[in-house]
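I opened the notebook today to record what I looked up, one topic at a time, with the model beside me.

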Amino acid sequence: MKQVQLAIIGGGPAGLAAAIAAREKGVEDILIIERDKELGGILNQCIHAGFGLHTFGQELTGPEYAQRFIDRVEEMHIPYLLRTMVLDLSGDRVLTVTGPETGLIQIQAQAVILAMGCRERPRGALNIPGYRPAGIYSAGTAQRLVNIEGFMPGKNVVILGSGDIGLIMARRMTLEGAKVHAVAEVLPYSGGLKRNIVQCLEDFDIPLYLSTTVVDIHGRERLEAVTLAQVDETRKPIPGTERRIPCDTLLLSVGLLPENELSSAAGVHLSTVTGGPEVTDRLATSIPGVFACGNVLHVHDLVDFVSQEARKAGENAALYLAGARAGSRSVALEGKNGVRYTVPQSIDPENMDDTVTVRFRVAQPYRDAALCAYADGTLLRRIPKRILTPGEMEQFPLRKAELPEGCQTITFTVEEVAK
Ligand SMILES: Cc1cc2nc3c(=O)[nH]c(=O)nc-3n(C[C@H](O)[C@H](O)[C@H](O)COP(=O)(O)OP(=O)(O)OC[C@H]3O[C@@H](n4cnc5c(N)ncnc54)[C@H](O)[C@@H]3O)c2cc1C
């Protein structure tokens with residue numbers, strides 16, 4: 001069995017930043033394992049600008065952003081395998097791997113960083129009736145076809161779901177000559193970043209229909225039309241609101257799911273809310289020596305935060321390899337009253353950094369509200385927010401100095417500010 005100090009599963013922005021940070025902290029024996037034919041992850045198909053404003057103060061395309069990290073990995077001579085898939089991870093950190101260079105092998109790692117990203121929710125999860133004609137794609141698949149393979153999936157397009165990928169594909173398909181007739185969103189608000197609603201829909205006069213979904217699909221061989229209908233508060237279609245839109249392509253952008261088959265197989269505790277591993281402030285999972293970062297942990301909106309989080313995972317894996325272990329106490333973090341979850345889910349008050357960035361999403365849009373943190377019911381801090389929306393990840397800097405002695409639980413909430 002091959003031995004390695006640190007195995008990193010996934011060569012996207014999370015895996016790359018984690019590898020660089022671990023090497024900077026002195027880990028010599030690192031192996032990045034990537035199933036695709038190149039490093040860079042999902043960024044390779046995101047050819048639009050908008051990446052790296054926080055990290056580099058510049059608006060880069062996805063491949064440009066990824067290349068900066070790939071160059072650094074090359075300069076540092078960090079080994080990686082391409083077209084190589086991790087098939088299994090055991091609880092004692094044995095990876096079963098297959099690829100053209102390795103064949104089927106096992107690798108015993110002293111530490112592992114999970115950086116497998118996420119996948120798109122498929123049509124099967126939606127229960128839309130109708131035949132299964134050609135012309136229905138997930139938005140990410142269409143993005144790959146257009147931006148990497150050079151194929152246009154169709155000319156008359158409807159998009160279901162207004163998360164960032166759906167919005168970006170509305171603009172992309174328009175720029176490539178298609179007519180995007182509508183973006184339908186089942187919720188009463190968009191799940192995407194505000195800047196994407198403006199730059200991808202409003203700038204191109206593409207209508208966004210909120211509280212609306214696809215209730216029927218027409219066409220046997222090829223998609224011919226979809227029927228949209230408005231929905232009520234329980235998301236049930238409202239009879240009489242149906243409208244048929246002729247189209248040859250339906251793109252589904254209905255959510256991302258952390259890619260956690262390997263994590264579950266290893267026995268890592270997963271959060272029922274994020275679908276990703278539960279982690280401490282060191283980004284350590286429930287299995288000693290196994291860390292997680294990026295979209296496999298929770299779905300991020302901006303890659304800059306993926307890179308920041310992954311740096312921490314790499315640094316902490318290095319500390320673990322140097323013998324550092326968790327302290328004897330743990331403080332639980334929880335989200336309530338509009339805060340859906342927190343990452344991390346716990347902190348180690350003895351060993352935490354002076355400031356730990358707690359990330360989460362809110363359950364619904366708010367105006368003129370405040371993010372609050374309570375330690376065992378006592379207010380620690382309140383951060384006023386003009387707008388909070390589920391499409392944008394929130395960050396709350398938790399300071400070691402403000403934690404009361406012996407505190408058990410820190411609760412994050414949204415509070416609406418009285419006018
Ligand atoms: C369509 C789209 C548009 C976006 N637009 C923006 C934007 O404008 N601005 C912005 O800042 N962010 C944007 N993002 C978000 C950003 O791209 C992601 O947050 C970021 O790429 C996540 O990085 P990651 O490394 O966690 O995952 P990924 O980039 O998905 O990388 C995960 C890697 O792991 C590999 N992998 C998975 N399983 C295995 C396995 N078993 N064995 C080996 N390898 C494996 C995958 O092949 C992949 O390369 C966008 C994302 C998408 C999908």
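The entries below take up the ligand shell, then a cysteine, then a sheet.

Entry 1, the ligand. I note at the outset that this is a predicted model. I looked up the surroundings of the ligand and found 38 residues around it, the closest being Gly-10, Gly-12, Gly-41, Gly-117 and Gly-294. Sorted by class, this shell holds 19 nonpolar, 13 polar and 6 charged residues. Domain 1 (1–119 + 255–326) and domain 2 (122–254) each give at least three residues to the shell, and among the elements that each supply at least two are α1 (13–24), β6 (85–89) and α8 (303–321).

I located Cys-293 in the loop between β19 (290–292) and α8. For Glu-309, which lies 16 residues from Cys-293 along the chain, I noted a C-alpha separation of 6.1 Å.

I traced an open sheet of 5 strands in the order β10-β17-β11-β12-β13, paired in parallel. At its edges are β10 (136–138) and β13 (208–209), and each has a single partner strand, so one side of each lacks a neighbour in the sheet. I then saw that α4 packs on this sheet, touching β10, β11 and β17, with its direction at about 90 degrees to that of β10. Between β11 (residues 156–160) and β17 (residues 249–252), which run parallel, I noted 4 bridges, and Leu-160 stands opposite Leu-252 in β17.

Technical notes. Residues are numbered from 1 along each chain as its sequence is written. This is a predicted model: local features need pLDDT of at least 70, side-chain atom pairs count only at pLDDT 80 or more; totals for chains, interfaces and linings use all residues. A residue is near a molecule or strand if its C-beta atom, placed from the backbone, lies within 6 Å of it. Ala, Val, Leu, Ile, Met, Phe, Trp, Tyr, Cys and Pro count as nonpolar, Asp, Glu, Lys and Arg as charged, and the others, Gly among them, as polar. Domain bounds come from an automatic or database domain assignment. Two strands pair if DSSP finds at least two bridges between them. Two residues are in contact if their C-beta atoms, placed from the backbone, lie within 7 Å. Axes are lines fitted to C-alpha atoms, for helices over the stretch in contact, and angles run from 0 to 180 degrees between N-to-C directions.
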